[in-house]
Amino acid sequence: MGATGETQVSLSDTDARSMATTPRMPRVVEYNVQTAMEAEHHLIVAHEVTMQGYDRDALSMMAVAARDAMAPDRIEVIADKGYYKSEEILACEDARIAGGVHKPQTSNVSAREQFDKADFAYDASADAYICPASQQLIYRFTSQQDGKVIRTYWSSHCEGCVLKDKCTNSKERRIRRWEHEDVLERVQQRLDKYPTQIAARSMTVEHPYDTIRSWMGATHFKMRRLKNVATEMALHVLAYNMTRVIKIMGTPALVATMKA
Ligand code: SF4
């Protein structure tokens with residue numbers, strides 16, 4: 001590992017990696033299969049087998065692959081919280097793809113039952129936030145955080161505020177705003193407008209996984225190494241899509257279309 005710069009080594013399959021998992025699912029060494037489904041016919045329009053142990057860098061890659069496969073004027077992409085990453089959502093917007101991803105709740109203030117950032121309304125015309133006590137948090141300074149340009153705001157009225165206990169344990173409550181925060185706000189507005197979309201996502205994208213898993217049985221990929229596992233997965237996806245198209249069109253119509 002010292003010679004290669006790798007942080008882990010798998011002896012049974014040198015390309016497999018330890019995946020980030022949930023308490024319900026213990027950490028295992030495997031591959032990460034990304035899929036993009038179209039919502040009307042539940043076909044897999046793009047897929048990718050990766051060695052990345054998490055999903056948060058995959059949103060724009062899969063969204064662009066889905067757009068290129070479907071070639072529509074415009075697509076909307078819905079993904080679960082594991083795909084929430086500001087830079088990835090911005091990359092989707094730059095590719096003219098409307099992203100819909102709920103922000104995971106990681107803030108300590110919510111855990112302490114204090115006001116969340118969402119309780120502060122941004123007033124673009126004044127470049128200021130309005131807090132729950134109707135005070136204005138004005139722009140103070142700009143800094144860099146993890147390569148992102150962040151603007152910081154606070155009010156001069158926090159000391160003596162009757163809501164301070166519910167707001168901050170510090171001298172004043174500070175709100176940080178990414179320079180592209182308007183992109184994230186548009187995502188949230190879309191999700192608020194169409195609250196059933198996230199539920200539709202899980203019904204759509206889990207369908208092929210469950211089907212393919214039931215075909216595979218309770219087992220792992222038969223192949224080893226990324227290239228071979230990717231081929232194995234591509235055959236599963238092809239079989240799944242063929243089965244779906246036969247179900248939708250019927251075999252005679254499919255054969256006629258393929259001959260045409
Ligand atoms: S503590 Fe400051 S930011 Fe929080 S509600 Fe009071 S005035 Fe507003």
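This is a predicted model: local features need pLDDT of at least 70, side-chain atom pairs count only at pLDDT 80 or more; totals for chains, interfaces and linings use all residues.
**View 1. Overall layout of the protein chain.** Seven helices and 11 strands make up the secondary structure of the protein chain. Its radius of gyration is 23 Å, well over the 18 Å that the globule rule gives for 260 residues, so the protein chain is more spread out than a compact globule. Along the principal axes, the C-alpha atoms fill a box of roughly 75 × 50 × 30 Å. Of the 260 residues, 16% are buried. Counting contacts between residues at least 6 apart in sequence, 48% join residues at least 24 apart.

**View 2. The two domains.** Domain 1 consists of residues 17-104 + 187-259, and domain 2 of residues 108-179. The centres of domain 1 and domain 2, taken over C-alpha atoms, are 37 Å apart.

**View 3. Surroundings of the ligand.** There are 14 residues around the ligand, and C131, A133, C158, C161 and C167 come nearest. Sorted by class, this shell holds seven nonpolar, four polar and three charged residues.

View 4. Strand β9 (residues 136-145) runs antiparallel to strand β10 (residues 148-154), and seven bridges link the pair. The two strands form a hairpin with two residues between them. In the turn, D146 has a positive phi of about 50°. β10 also pairs with strand β11 (residues 174-178), again in the antiparallel sense, over five bridges. I150 of β10 can be followed across both pairings: S143 is its bridge partner in one, and W178 of β11 is its bridge partner in the other.

**View 5. The loop at S134.** S134 is found in the loop between β8 (128-130) and β9. Its phi is positive, about 65°, although S134 is not a glycine. Most residues other than glycine have a negative phi. S134 has 8 C-beta neighbours inside 10 Å, and therefore counts as exposed, the limit being 12 or fewer.

**View 6. The loop at R225.** The loop between α5 (197-216) and α6 (226-249) contains R225. R225, a residue other than glycine, has a positive phi near 80°. With 12 C-beta neighbours inside 10 Å, R225 counts as exposed, because the class takes in residues with 12 or fewer.

Methods: Residues are numbered from 1 along each chain as its sequence is written. A residue is near a molecule or strand if its C-beta atom, placed from the backbone, lies within 6 Å of it. Ala, Val, Leu, Ile, Met, Phe, Trp, Tyr, Cys and Pro count as nonpolar, Asp, Glu, Lys and Arg as charged, and the others, Gly among them, as polar. Domain bounds come from an automatic or database domain assignment. Helices (H or I, at least four residues) and strands (E, at least two) are DSSP runs, numbered from the N terminus. The radius of gyration is taken over C-alpha atoms; the globule rule is 2.2 Å times the number of residues to the power 0.38. A residue is buried if 20 or more other C-beta atoms lie within 10 Å of its own, exposed if 12 or fewer, and partly exposed in between; C-beta atoms are placed from the backbone. Two residues are in contact if their C-beta atoms, placed from the backbone, lie within 7 Å. Two strands pair if DSSP finds at least two bridges between them.
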